[in-house]
Amino acid sequence: MDTIEKQLHIASQYLAAAGISFLPKKEDDSHTNLGFNPEEAILETHSLSDANDKLILNYKNFSLEWRSDAVSKVIDLDGATHKGLVEWISSNSREFINKEYSYKFHYELPYSIDDDFIFKLSDVEDLSEMMHLRILAQFILERIDIHYNLNTSIRIWPHHFDTGIYSLIPDSHITVGLGLAIPDSLCENHYLYITGYKGGQAIDPSGLESLTIGDWKSNGFKGAILDARGIVEADGVKFFKEVISQLQAV
């Protein structure tokens with residue numbers, strides 16, 4: 001059985017494909033990225049029309065939604081097939097924005113699914129945990145955005161499924177990329193990450209002081225990570241501030 005995290009990652013690709021299908025292409029791929037609304041616990045595309053049509057992934061209900069100023073349609077993911085979901089989105093796109101939906105990508109995905117792939121909500125607690133991690137990450141990054149006056153967007157990039165910010169620190173010589181990443185070779189659990197860039201190059205943290213929370217990494221990934229298990233908002237904010245403080249001194 002595929003994990004809830006993997007199924008949510010797969011489900012987010014329907015939203016990314018909507019951005020690819022309906023929005024003007026941007027060189028940085030930002031037409032594919034997604035916003036997260038922590039009050040509703042939903043992932044949502046950019047607006048797809050003048051009527052504010054959006055395709056939405058609802059964490060609370062484990063569903064896809066087509067929503068606009070005038071309409072709201074929902075399809076449950078639990079028990080749905082890939083083929084059925086593509087047909088549902090295609091029908092809505094033709095009816096509401098008069099455009100053809102295509103489930104095609106210009107990037108490699110870490111998995112493959114066929115028409116008969118079935119979504120299955122096997123563990124409600126796991127779904128709740130994934131939802132609260134996204135909410136936590138959003139709140140932490142909002143605090144960082146305000147503290148450093150970044151005035152930047154917090155977005156989820158569907159390829160790697162990370163919640164992230166990429167921004168110059170005002171009155172500074174460094175740019176940072178930071179956010180929440182899903183488990184990978186760096187950490188077996190979800191984790192906060194941050195990399196600093198100076199002159200277009202990632203800053204090697206090898207000679208920096210040890211962190212009071214989190215760990216520096218310099219082999220391949222250059223930056224710092226913090227295992228997200230059991231952390232609270234204040235932990236994440238402290239981690240990012242401490243790392244940024246050291247990076248600014250480089």
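This report walks through the strand pairings, the nonpolar cores and the aromatic pairs of a predicted model.

Let's start with strand 9, which spans residues 191-198. Six of its eight residues are buried, so this strand is largely enclosed by the rest of the structure.

Strand 9 has several antiparallel partners to look at. Strand 8 (residues 175-181) is joined to strand 9 by seven bridges, and in this pairing Val176 stands opposite Gly196. With strand 12 (residues 223-227), strand 9 pairs over four bridges; here Tyr191 faces Asp227. Two bridges link strand 9 to strand 10 (residues 201-202), again in the antiparallel sense, and Tyr197 stands opposite Ala202. Strands 9 and 10 form a hairpin with two residues between the strands, and Gly199 in this hairpin takes a positive phi near 60 degrees.

## A second hairpin

Strand 4 (residues 63-67) and strand 5 (residues 72-76) run antiparallel and are joined by five bridges. They too form a hairpin, with four residues between them.

## Nonpolar cores

The largest nonpolar core holds 73 residues, and Tyr14, Tyr59, Leu64 and Phe239 touch the most other members. Helix 3 (residues 124-147) supplies the largest share of this core, ten residues. Apart from it lies another core of five residues, including Ala181, Cys187, Tyr193 and Ile225.

Leaving aside residues up to four places away in sequence, Phe239 touches Leu192, Tyr193, Ile194, Leu211, Ile213, Gly214, Ala224, Ile225 and Leu226.

## Aromatic pairs and a charge over a ring

The structure holds ten aromatic pairs. One of them, Tyr14 with Phe119, is tilted, at 6.2 Å centre to centre and 50 degrees between the planes. Tyr14 belongs to helix 1 (residues 4-22) and Phe119 to the loop between helix 2 (82-96) and helix 3, so the pair ties together parts that are 105 residues apart in sequence. Phe119 also pairs with Phe117: their ring centres are 5.1 Å apart and their planes lie at 90 degrees, so this pair is edge-to-face.

Both Tyr14 and Phe119 are buried, with Phe119 at a relative accessible area of 0%. Phe117 counts as buried as well, because its relative accessibility is 12% and the cut-off is under 20%. Ring pairs link Tyr14, Tyr103, Phe105, Tyr107, Phe117 and Phe119 into a cluster.

Finally, a charge over a ring: the charged end of Arg134 sits over the ring of Phe161, 4.3 Å from its centre.

Technical notes
Residues are numbered from 1 along each chain as its sequence is written. This is a predicted model: local features need pLDDT of at least 70, side-chain atom pairs count only at pLDDT 80 or more; totals for chains, interfaces and linings use all residues. Side-chain values use heavy atoms; hydrogens and water are left out. Two strands pair if DSSP finds at least two bridges between them. Buried means under 20% relative accessible area, exposed over 50%, partly exposed in between (1.4 Å probe, protein chains only). A nonpolar core is a set of buried Ala, Val, Leu, Ile, Met, Phe, Trp, Tyr and Cys residues joined through side-chain atoms within 4.5 Å. Contact means heavy atoms within 4.5 Å. Rings of Phe, Tyr and Trp (its six-membered ring) pair if their centres lie within 6.5 Å; planes under 30 degrees apart count as stacked, over 60 as edge-to-face and the rest as tilted. A charge sits over a ring if NZ of Lys or CZ of Arg is within 6 Å of the ring centre and within 35 degrees of the ring normal.
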